[in-house]
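This briefing concerns a predicted model.

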Amino acid sequence: MSSPHQPGVKRTKPFLQQDRLLSVQSHVVSGYVGYDVDVINTVQFSNHTGYGHTNGCKTTPEQLTSVFSGLEVNGLGRWAKVLTGYIPGASALTVVGDEVRKLKDRAGSAKYQEDVVYLLDPVMGDIGKGLYVAEDVIPIYRSLLSQATIITPNQFETELLAERKIDSIKSLHEALDILHSAPHSVPHVCRQHLSEYTSLLPKEGTAESLKTWGYPGLAEDEGLRQKLTDGIRGDLDQEDEPMVLACFASTKTSGSDSLQTYGFALPTVEGYFSGVGDLFSALVLGFFKNETSSEVDSANRENTTANTSNEDGRPIDLPPFAAAVSKALLGVQQILLRTHLHTLQVASETKRRERQDSTSSIPEEADCIPSDAELDSLPPTPVSKGALPIPARTARRMRMRELRIIQEKGTLLKLAEDEQVGWPARLLDWPQLLLDKQMHV
């Protein structure tokens, strides 16, 4: 944590540049949230791993050190916000962690007395897939928790960091409290998990309610709203597959003994999309308005006794972190659904053209939706000598499902301008919930 502001110390010119953000990860999606973004890529890959085949290289620790050194020599390392994502090796993660500590120490010194907002996305793995990184990365991530303002782990990563299995309301509370408490002392934790368990969460946000509620910014277009909600999985579609993404935004400041946790319920969208976690973390950091601990404590007390959204209402007057998560979730959902709609439109247009001209061949978009395990396992199709092979079915589908972030940046900018628009939230009543130890997530 940065040094506390010291009374009686004359402040010089601010050290941090409030409109600058450092992003250290494999995929950068944060350049449109109102900041000048300095980008350090931890890998240089031909494409993301969802395509099934990837070539490229990882940035070495020596290369990272060299880049940071050049920035320091030229006085460019003055970021008010820092975002770190996928960093595959322990040595590279150590370099990045040391640079974050150095930045926070400088900004928090008696000379400047400023706070760096650091969002740590501990990309390590996922349920059903295991670790993406070497095991020696895990303890380094744990050591970085004390430097973080915000962390955004999934359930798998939350369990690794907290060293606690999460299979009940009680264990969820324990895991969050471990991350919030010393020695980690993370002020803000956002944890996501696919679950059919929705009684903790707002009813608005489930698939059926969205068909009548719609999305902010889309309510004026009934046709588009219907097409988008058609891409949402219904609650009864596939009995063995979870249909709801449960998201929890939890805050515990140094002056509080209790957790303030908000729950969000999001329906899953048909299809696999890569980079969603990167987009979410970038938007949370972009929307987060840093406030002093006293200001946060005051906001928390004002919101403790009331649910900030009614049973089927939209969030109002959320505290800073919950508000950032609320807006980020809405932004992600809008991008996912617009990407889904684009995918359907491309596939439909391809089939229409094929019907009109049966002699034409349009392999790039043809016959790659929906997913099919047998067809997806086939290798790229060879063609005549000297011509490029037809990409594998999975690669063609991934190309169609690239998140339409740049194309839809106007949607995100409108979201950033409207203080009252976000995803519905419900404040969790922990004392009451912990009375029922049989309740499972």
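In this predicted model, helix α1 passes helix α2 in a right-handed crossing. The contact involves P61, L64, T65, F68 and E72 on the α1 side, and S91, A92, V95, V96, E99, K102 and R106 on the α2 side. By residue class, the contact of α1 with α2 comprises six nonpolar, two polar and four charged residues.

**Geometry of the helix pair**
- Helix α1 spans residues 61-73 and helix α2 spans residues 90-107; their axes come within 8 Å of each other and cross at roughly 20°.
- Because angles under 35 degrees count as roughly parallel, α1 is described as roughly parallel to α2.

**Cysteines**
- The number of disulfides comes to zero, a disulfide being a pair of cysteine sulfur atoms within 2.5 Å.
- C190 takes part in no disulfide, and its nearest cysteine sulfur, which belongs to C247, lies 3.5 Å away.
- C190 counts as buried, with a relative accessibility of 1%.
- C57, by contrast, is partly exposed, its relative accessible area being 45%.

**Chain as a whole**
- The protein chain contains 14 helices and 13 strands.
- It has 441 residues, of which 51% count as buried.
- Among contacts in the protein chain with a separation of 6 or more, 74% are accounted for by residues 24 or more positions apart.

Definitions and conventions. Residues are numbered from 1 along each chain as its sequence is written. This is a predicted model: local features need pLDDT of at least 70, side-chain atom pairs count only at pLDDT 80 or more; totals for chains, interfaces and linings use all residues. Side-chain values use heavy atoms; hydrogens and water are left out. Axes are lines fitted to C-alpha atoms, for helices over the stretch in contact, and angles run from 0 to 180 degrees between N-to-C directions. Helices (H or I, at least four residues) and strands (E, at least two) are DSSP runs, numbered from the N terminus. Angles under 35 degrees count as roughly parallel, over 145 as roughly antiparallel, 65 to 115 as roughly perpendicular and the rest as oblique. A crossing is left-handed if the near helix is turned anticlockwise from the far one by less than a right angle, and right-handed if clockwise. Contact means heavy atoms within 4.5 Å. Ala, Val, Leu, Ile, Met, Phe, Trp, Tyr, Cys and Pro count as nonpolar, Asp, Glu, Lys and Arg as charged, and the others, Gly among them, as polar. Buried means under 20% relative accessible area, exposed over 50%, partly exposed in between (1.4 Å probe, protein chains only).
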